[in-house]
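Here are a few friendly notes to read alongside the structure. Take them one at a time, and look for each feature as you go.

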Amino acid sequence: MAAGLSAGLGLKPPHFEQALAAPADGIWFEVHPENYMLEGGPRLAWLETIRGRHPLSLHGVAASLAADAAPDAAHVAQLAALVRRFQPALVSEHLAWSSWAGAYRPDLLPFPRSREALLRVADNVARLQDALRRPIAIENPSHYLRIDEHEYDEIDFLAELVARTGCALLLDVNNVFVSARNLGASAEAYLDAFPAAPVAEIHLAGHSPDPALGERLLVDSHDAPVAPQVWALYERLIARIGPRPTLIERDDNLPAFDALLAERARADAVLRGPRRKAA
Amino acid sequence: MRLAAFEDAFAASLLESGPQSGPLAALVAQPGFAVYRNTVMKGCIDALQANYPVVNRLVGEEWFRAAAAVYARARLPARASLLDYGADFAEFLAAFAPAAELPYLPGVARLDRFWSEAHAARDEEPVRGSALAQLQREALGGTVMRPHASARWAWFAELPAYTLWRRNREAADEAPAAAAAIDWRGEGALVLRPRARVEHLELDAAGCAFLDACAAGRDLAAAALEALAREPSADLARLMQRLLEAGAFGAMTTPGQEDGYREGAR
């Protein structure tokens with residue numbers, strides 16, 4: 001899957017020109033398909049131009065796979081049209097919900113990982129994969145709440161999804177760090193237990209302390225450079241599972257493109273580096 | 001708790017503030033619940049701010065975000081594509097008591113929305129003026145011109161909404177144009193994206209009536225009568241020339257071609 005991809009960058013409209021000019025040394029770009037669900041216009045034309053030069057990843061934030069309802073048919077159709085048109089190297093979504101009862105909430109919301117939820121999410125993943133005619137990777141979300149009603153821990157839940165649907169996994173190392181800190185768990189233990197084979201993509205991003213609670217509550221804000229602790233976890237992960245396509249994810253407080261390229265180069269060096277064992 | 005019941009209760013608690021009673025009271029009481037509340041509201045407000053840049057500029061960010069929060073609490077996005085969020089923000093502003101002293105604000109919001117719609121509209125090659133020039137003179141009146149897929153227009157009675165919008169849209173780095181310095185009269189505008197860029201031009205009341213008739217499928221003779229009824233002194237030849245030069249039409253059907261539009265100049 002997506003062989004040959006090394007490190008990539010999340011792409012935002014202010015960086016289109018520079019992304020286009022980036023040397024094609026294995027760099028790839030990831031966008032949120034929801035920002036391209038348009039009938040026409042320059043934004044789609046830009047993406048087409050980028051796609052002509054570099055591999056592309058579509059990272060969905062709104063399929064709402066953990067809602068207790070089938071995915072919205074219009075949303076699925078629009079996503080399928082983008083997949084047909086842009087032939088992305090990777091397609092991913094989240095283990096979360098956002099659309100419910102006719103309204104969309106721009107966030108990745110949590111749910112109790114019950115057997116009922118497993119059956120529902122597996123069915124939704126299968127429906128989406130059928131519509132897209134390809135496997136998708138499912139991402140571990142960031143957690144801010146202690147939910148007592150979980151029947152599965154997250155890794156078992158994700159492994160069940162893989163077994164039932166053939167989906168891949170997107171392992172967000174920053175989400176692991178943020179969730180472990182917020183819930184008082186061990187990020188190292190989580191990463192060491194994460195199944196290696198299904199990991200099709202890795203995300204690295206920055207986080208911020210909660211404005212009110214400070215370091216006691218970390219927010220997966222994607223508005224800062226990747227933190228040193230997250231780099232250390234990433235190196236540990238790659239040493240165990242071998243290289244995987246890795247994305248520097250930045251959505252807010254955008255720095256200069258060169259700053260993102262530097263973070264991307266650091267991930268690329270880890271992927272190629274001497275410290276990792278053979279894949 | 002069943003998944004649907006959890007999601008019902010969670011969704012309801014997101015839009016409230018403070019502690020909750022009910023099945024998720026303990027969950028909502030955790031400090032982390034505020035992260036979800038904040039993220040949902042920030043996502044909605046950021047989207048509105050991006051979609052209504054001139055309104056934001058005229059009222060200032062603080063006022064805008066406060067108004068957007070009121071809007072978002074009442075109307076969460078219906079779709080996941082936030083580029084489409086806030087379709088009725090102009091109507092909201094028209095009924096929003098704190099905006100009562102800014103009568104031009106709904107018109108400016110409509111023009112921001114026109115820009116977004118034109119930007120994202122289906123791509124379509126506009127009908128060229130030469131296509132019309134080739135017609136027999138007697139065929140002209142029976143010809144139907146469909147407005148371009150991206151074209152949006154409106155007449156703003158007694159309000160210089162277009163001038164306010166245009167000055168603040170174009171001069172994004174300068175101080176906001178003062179409403180006082182603007183000639184206070186009714187204006188119309190046409191916003192469209194004939195090719196790669198969104199463009200806009202002033203359109204008088206006759207021009208708006210003309211395009212309304214075209215959009216309703218009336219032929220050019222009928223559209224001309226509508227325009228003249230609105231403004232007896234309207235210069236229709238000049239209007240037609242301006243519209244064609246702007247790329248305001250997406251298709252034209254000449255008499256005897258009623259089996260469908262002849263897509264212009266493809």
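1. Helices (H or I, at least four residues) and strands (E, at least two) are DSSP runs, numbered from the N terminus. Counted this way, chain B has 12 helices and six strands. Please keep in mind that this is a predicted model.

2. Now for the overall form of chain B. Its radius of gyration is 23 Å, well over the 18 Å that the globule rule gives for 266 residues, so chain B is more spread out than a compact globule. Along the principal axes, its C-alpha atoms fill a box of roughly 75 × 50 × 30 Å. Of the 266 residues in chain B, 44% are buried.

3. Next, find where the two chains touch: chain A brings 40 residues to the contact and chain B brings 35. On the chain A side, the elements giving two or more residues include helix 2 (42-53), strand 5 (97-100) and helix 4 (115-132). Strand 6 of chain A gives the most, with six residues. By type, the chain A side holds 22 nonpolar, eight polar and 10 charged residues.

4. How do helix 4 and helix 5 of chain A pack? Their axes are 10 Å apart and meet at an angle of about 45°, which makes helix 4 of chain A oblique to helix 5 of chain A. The crossing of these two helices is right-handed.

5. Finally, zoom in on that pair. Among the residues that meet are L118(A) and V121(A) from helix 4 of chain A, and F157(A) and L161(A) from helix 5 of chain A. The residues of this contact divide into seven nonpolar, two polar and two charged.

Conventions. Residues are numbered from 1 along each chain as its sequence is written. Chains are lettered from A and ligands numbered from 1 in the order in which they are written. This is a predicted model: local features need pLDDT of at least 70, side-chain atom pairs count only at pLDDT 80 or more; totals for chains, interfaces and linings use all residues. Two residues are in contact if their C-beta atoms, placed from the backbone, lie within 7 Å. Ala, Val, Leu, Ile, Met, Phe, Trp, Tyr, Cys and Pro count as nonpolar, Asp, Glu, Lys and Arg as charged, and the others, Gly among them, as polar. Axes are lines fitted to C-alpha atoms, for helices over the stretch in contact, and angles run from 0 to 180 degrees between N-to-C directions. Angles under 35 degrees count as roughly parallel, over 145 as roughly antiparallel, 65 to 115 as roughly perpendicular and the rest as oblique. A crossing is left-handed if the near helix is turned anticlockwise from the far one by less than a right angle, and right-handed if clockwise. The radius of gyration is taken over C-alpha atoms; the globule rule is 2.2 Å times the number of residues to the power 0.38. A residue is buried if 20 or more other C-beta atoms lie within 10 Å of its own, exposed if 12 or fewer, and partly exposed in between; C-beta atoms are placed from the backbone.
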